[in-house]
Amino acid sequence: MIPPTYKPKKKFMQLAIAEAKRARDRGDYPIGAVVTRVIGKREVVIASAGNRVKTSGSSIKHVELETLKYVSSGYGRYLPDFVLYSTHEPCAMCAGACVWSKIGAVVFGVSQEDIIAYGKKHGTEEFKWRACLISCEFVLEKGGHRIPVFGKFLRRECRKLFGYRTALRASPPVKPRTRIAGPQTN
């Protein structure tokens with residue numbers, strides 16, 4: 001059980017942000033997740049990953065779902081001592097996985113509303129940024145799983161991920177070097 005005095009840690013969300021950037025560098029949506037375990041006064045990282053929806057070709061390979069599956073495979077069906085950190089609010093499907101796994105707490109950066117707003121203004125055919133306007137808290141509540149949910153944690157940093165581009169795409173093209181050969185001597 002996560003204690004009621006629990007406070008999210010910046011370093012774990014920063015790790016999720018780094019994972020999101022790696023996902024984008026691979027050509028996927030820049031969304032990252034970290035699962036930690038709270039043991040007494042300590043909290044340790046158990047798993048971290050970036051999204052694989054585009055690179056796997058599966059619309060249900062959301063990073064939150066995949067990290068929960070991975071942790072459950074090693075720690076058991078129920079995860080009451082674990083915290084899910086995600087750069088983006090878990091969708092209804094991923095929030096449902098939080099209910100079934102009995103995760104101890106959820107921490108997220110940008111909300112479903114943020115995702116929709118960005119998608120309407122800046123979505124492209126390649127990166128649509130769609131969302132399902134069913135909040136994570138609503139799914140948890142309807143699933144009878146009342147746990148701490150910390151929304152909009154490091155929201156500003158997570159919002160920057162919408163515009164994050166890989167180093168290759170963000171950099172101007174490199175001009176080829178011209179080599180000037182001097183006189184040859186033998």
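A residue counts as buried when its relative accessible area is under 20%. Keep that cut-off in mind as you explore this predicted model.

**First stop: a loop residue.** Select Asn-51, which sits in the loop between β2 and α2 (53–56). Is Asn-51 buried or exposed? Its relative accessibility is 3%, so Asn-51 counts as buried. To see what surrounds Asn-51, show the residues in contact with it, leaving aside neighbours within four places in sequence: Ala-23, Arg-26, Asp-28, Tyr-29, Ile-31, Lys-61, His-62 and Val-63.

**Second stop: the sheet.** Now colour the strands. You will find an open sheet of five strands in the order β2-β1-β3-β4-β5, and the pairing is mixed. Which strands lie at the edges? They are β2 (42–50) and β5 (149–150), each of which pairs on one side only. Strands of a sheet pair through backbone hydrogen bonds, either parallel or antiparallel. Zoom in on β4 (residues 105–110) next to β5: this pair runs in the parallel sense, over two bridges. Pick Val-106 there, and you will see Val-149 of β5 standing opposite.

**Last stop: two helices.** Select α3 (residues 63–75) together with α4 (residues 92–101). These helices pack at an angle of about 20 degrees, and their axes are 9 Å apart. Because of that angle, α3 is roughly parallel to α4. Their crossing is left-handed. Show side chains to view the contact: α3 brings Glu-64, Leu-65, Leu-68 and Ser-72, while α4 brings Met-93, Cys-94, Ala-97, Cys-98 and Ser-101. Coloured by class, the contact of α3 with α4 shows six nonpolar, two polar and one charged residues.

Terms used:
Residues are numbered from 1 along each chain as its sequence is written. This is a predicted model: local features need pLDDT of at least 70, side-chain atom pairs count only at pLDDT 80 or more; totals for chains, interfaces and linings use all residues. Side-chain values use heavy atoms; hydrogens and water are left out. Axes are lines fitted to C-alpha atoms, for helices over the stretch in contact, and angles run from 0 to 180 degrees between N-to-C directions. Helices (H or I, at least four residues) and strands (E, at least two) are DSSP runs, numbered from the N terminus. Angles under 35 degrees count as roughly parallel, over 145 as roughly antiparallel, 65 to 115 as roughly perpendicular and the rest as oblique. A crossing is left-handed if the near helix is turned anticlockwise from the far one by less than a right angle, and right-handed if clockwise. Contact means heavy atoms within 4.5 Å. Ala, Val, Leu, Ile, Met, Phe, Trp, Tyr, Cys and Pro count as nonpolar, Asp, Glu, Lys and Arg as charged, and the others, Gly among them, as polar. Two strands pair if DSSP finds at least two bridges between them. Buried means under 20% relative accessible area, exposed over 50%, partly exposed in between (1.4 Å probe, protein chains only).
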